[in-house]
Amino acid sequence: MSEAEESDQRRLARNLGELLQELRVAQGGVQILFGFLLSIAFTERYASADTYVRATHLVTVFFAAGAVALLTAPAAWHRILFRRGRREDIIEVANRFAVVGLACLAFAMTGTILLLGEIIIGGWPSFVLGGVAALFFGTLWFFLPWRERKEGNGGADRDDLD
């Protein structure tokens, strides 16, 4: 193996390790959120909830389940493709899964805040809370990093510095 291949393989291993570590952080939170959302359906108050609350809850559960699936998938891909020389493919797919998984998590968090707002204060203020949550997650998790990515390196991808 040449020196260039060695450093490329080390970079890929480091990138994969960093990605899997980032996903471990997100997985715990999304799994707790998913469990919380599942438990809501078994409360007395839920039995009397209107169709809007039930539909919002169901959509929120689907987004949380999607986040769990997408944020866990890279570990499964890595395990199944382990030692098959596919590390670069795993990283590329895992990165996409992570970004879409975070979007699902943002929707699930927004839906949860909307639901809590509806239960606690009801009416239009709950929509304001949901909108603020969507704006917060969208800005913090997507808009600012993508803006920084474009401005920070002229739009070029620099995997060697990740």
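**Entry 1: rings first**

I began with what counts as a ring pair: two rings of Phe, Tyr or Trp, taking the six-membered ring of Trp, pair if their centres lie within 6.5 Å. With that in hand, I found F136, F137 and W141 linked by ring pairs into a cluster. A reminder to myself before going on: this is a predicted model.

How many aromatic pairs does a search of the whole structure find? I noted 6. The stacked pair I wrote down is F63 with F107, at 4.8 Å centre to centre and 20° between the planes. I called this pair stacked because planes under 30 degrees apart count that way. The pair also links distant parts of the chain, since F63 sits in helix 3 (residues 51–80) and F107 in helix 4, 44 residues apart. F63 is partly exposed, with a relative accessibility of 28%.

Next I looked up F142 and W146. Their rings form a tilted pair, 5.6 Å centre to centre with 40° between the planes. These two residues are separated by about one helical turn, because they are 4 residues apart in helix 5 (residues 124–152).

**Entry 2: the layout of the chain**

I stepped back to look at the whole chain. Of the 162 residues, 31% are buried.

**Entry 3: helix lengths and bends**

Where does helix 3 bend? I put the bend at A73, about 35°, and noted that a proline, P74, follows within four residues.

Helix 4 came next. Its 34 residues should span 50 Å at 1.5 Å a residue, which agrees with the 47 Å between its end C-alpha atoms. Just after helix 4, I noticed that G122 takes a positive phi of about 65°.

Then I turned to helix 5, with 29 residues. At 1.5 Å a residue it should span 42 Å, and its end C-alpha atoms lie 39 Å apart, which agrees. I also marked a kink of about 45° in helix 5, centred on T139. Which residues of helix 5 are buried? My list reads S126, G130, A133, F137 and F142. F137 is also a member of the ring cluster with F136 and W141, and F142 is the partner of W146 in the tilted pair.

**Entry 4: salt bridges**

I moved on to charged side chains. Side chains of opposite charge can pair when their charged atoms come close. How many salt bridges does a search of the whole structure find? I got 2.

In one, the side chains of E18 and R14 meet at 3.6 Å, N to O. E18 and R14 are 4 residues apart in helix 1, so about one helical turn separates them. E18 counts as partly exposed because its relative accessibility is 34%, and R14 counts as partly exposed at 32%.

In the other, R96 bridges to E92, with the closest N and O atoms 3.1 Å apart. R96 and E92 both lie in helix 4, 4 residues apart, about one turn of the helix. Here R96 is exposed, with a relative accessible area of 52%, whereas E92 is partly exposed at 44%.

**Entry 5: a nonpolar patch**

Last, I looked over the surface for nonpolar side chains. Which residues form the nonpolar patch? I listed F36, L116, I119, I120, I121 and L129, with about 540 Å² of accessible area together. The largest share of this patch, 3 residues, comes from helix 4 (residues 87–120). F36 belongs to helix 1 (residues 3–40). With a relative accessible area of 35%, F36 is partly exposed.

Key:
Residues are numbered from 1 along each chain as its sequence is written. This is a predicted model: local features need pLDDT of at least 70, side-chain atom pairs count only at pLDDT 80 or more; totals for chains, interfaces and linings use all residues. Side-chain values use heavy atoms; hydrogens and water are left out. Patches are made of residues with over 30% relative accessible area and no salt bridge: like charges are joined within 9 Å, nonpolar side chains (Val, Leu, Ile, Met, Phe, Trp, Tyr) within 5 Å. Accessible areas come from the Shrake-Rupley method with a 1.4 Å probe; for residues, only the protein chains shown count as cover. A salt bridge is a side-chain nitrogen of Lys or Arg within 4 Å of a carboxyl oxygen of Asp or Glu. Buried means under 20% relative accessible area, exposed over 50%, partly exposed in between (1.4 Å probe, protein chains only). Rings of Phe, Tyr and Trp (its six-membered ring) pair if their centres lie within 6.5 Å; planes under 30 degrees apart count as stacked, over 60 as edge-to-face and the rest as tilted. The expected span of a helix is 1.5 Å times one less than its number of residues. The bend at a residue is the angle between axes fitted to the seven residues ending there and the seven starting there.
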